Amino acid sequence: MVKNIHVVPVDDKWGVKAEGESEPSQVVETQEEAFEIGRELAKQERSELLIHGEDGQIRERNTYGKDPYPPRG
């Protein structure tokens, strides 16, 4: 089963965690570092990367696998 990857705030740092996990697998100093790690994991898993803002709300999504809702065009 493919798990989406989340970049989430952790106190004053940033974490990378798989969907459904209670704790981040990695915690780093900056959101940019967490984004880079998350992007590589999402590419490996062929899943979606969800980037959360400091308030915890999803602010960006990137799909690295098969997109079930591709844009029309």
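Author: The expected span of a helix is 1.5 Å times one less than its number of residues. Please keep in mind throughout that this is a predicted model.

Reader: How does the reach of helix 1 stand beside the span expected at 1.5 Å a residue?

Author: Helix 1 covers residues 31–45, which gives it 15 residues. From its first C-alpha to its last it reaches 20 Å, and this is close to the expected value of 21 Å.

Reader: Which residues of helix 1 are buried, and why can they be said to line one face?

Author: The buried residues of helix 1 are Gln 31, Ala 34, Phe 35, Gly 38 and Ala 42. When helix 1 is seen down its axis, these buried residues fall within an arc of 100°, so they line one face of the helix. As for what lies against them, they pack against strand 1, strand 2, strand 3, strand 4 and strand 5.

Reader: Which pattern does the protein follow along the sequence?

Author: The protein contains 1 helix and 5 strands. Read along the sequence, these elements give the pattern β-β-β-α-β-β.

Reader: Which strands are joined to strand 1, and in which sense do they run, parallel or antiparallel?

Author: Strand 1, residues 5–10, is joined by 6 bridges to strand 2, residues 13–18, and these two run antiparallel, with Val 8 standing opposite Gly 15. Strand 1 is also joined by 3 bridges to strand 4, residues 48–52, where Ile 5 stands opposite Leu 49. The sense of the pairing with strand 2 is therefore antiparallel, while that with strand 4 is parallel.

Reader: Which residue in the hairpin of strand 1 and strand 2 takes a positive phi?

Author: This hairpin has 2 residues between its strands. The positive phi, near 55°, is taken by Asp 11.

Reader: Are the faces of strand 4 covered or open?

Author: On one side of strand 4 are Glu 48, Leu 50 and His 52, and on the other are Leu 49 and Ile 51, all of them buried. In count, 5 of the 5 residues of strand 4 are buried. Both faces are covered.

Reader: Why does Glu 48 count as buried, and which side chain does its own side chain meet in a polar contact?

Author: Glu 48 has a relative accessibility of 17%, and because buried means under 20%, it counts as buried. Within strand 4, Glu 48 stands opposite Thr 63 in strand 5, and the residues it touches include Asn 4, Ala 42 and Asn 62. The polar contact made by its side chain, at 2.9 Å, is with the side chain of Arg 61.

Reader: Why can the protein be called as compact as a globular protein of its length, and what is its radius of gyration?

Author: The protein has 1 helix and 5 strands. For its 73 residues the globule rule gives 11 Å, and the protein comes close to this, so it is as compact as a globular protein of that length, with a radius of gyration of 12 Å.

Terms used:
Residues are numbered from 1 along each chain as its sequence is written. This is a predicted model: local features need pLDDT of at least 70, side-chain atom pairs count only at pLDDT 80 or more; totals for chains, interfaces and linings use all residues. Side-chain values use heavy atoms; hydrogens and water are left out. Helices (H or I, at least four residues) and strands (E, at least two) are DSSP runs, numbered from the N terminus. Buried means under 20% relative accessible area, exposed over 50%, partly exposed in between (1.4 Å probe, protein chains only). A polar contact is a pair of N or O atoms within 3.5 Å; within protein, one must be able to donate a hydrogen and the other to accept it, and residues adjacent in sequence count only if both atoms are side-chain atoms. Contact means heavy atoms within 4.5 Å. The arc is that of the directions from the helix axis to the C-beta atoms. The radius of gyration is taken over C-alpha atoms; the globule rule is 2.2 Å times the number of residues to the power 0.38. Lists of a residue's contacts leave out its neighbours within four places in sequence.
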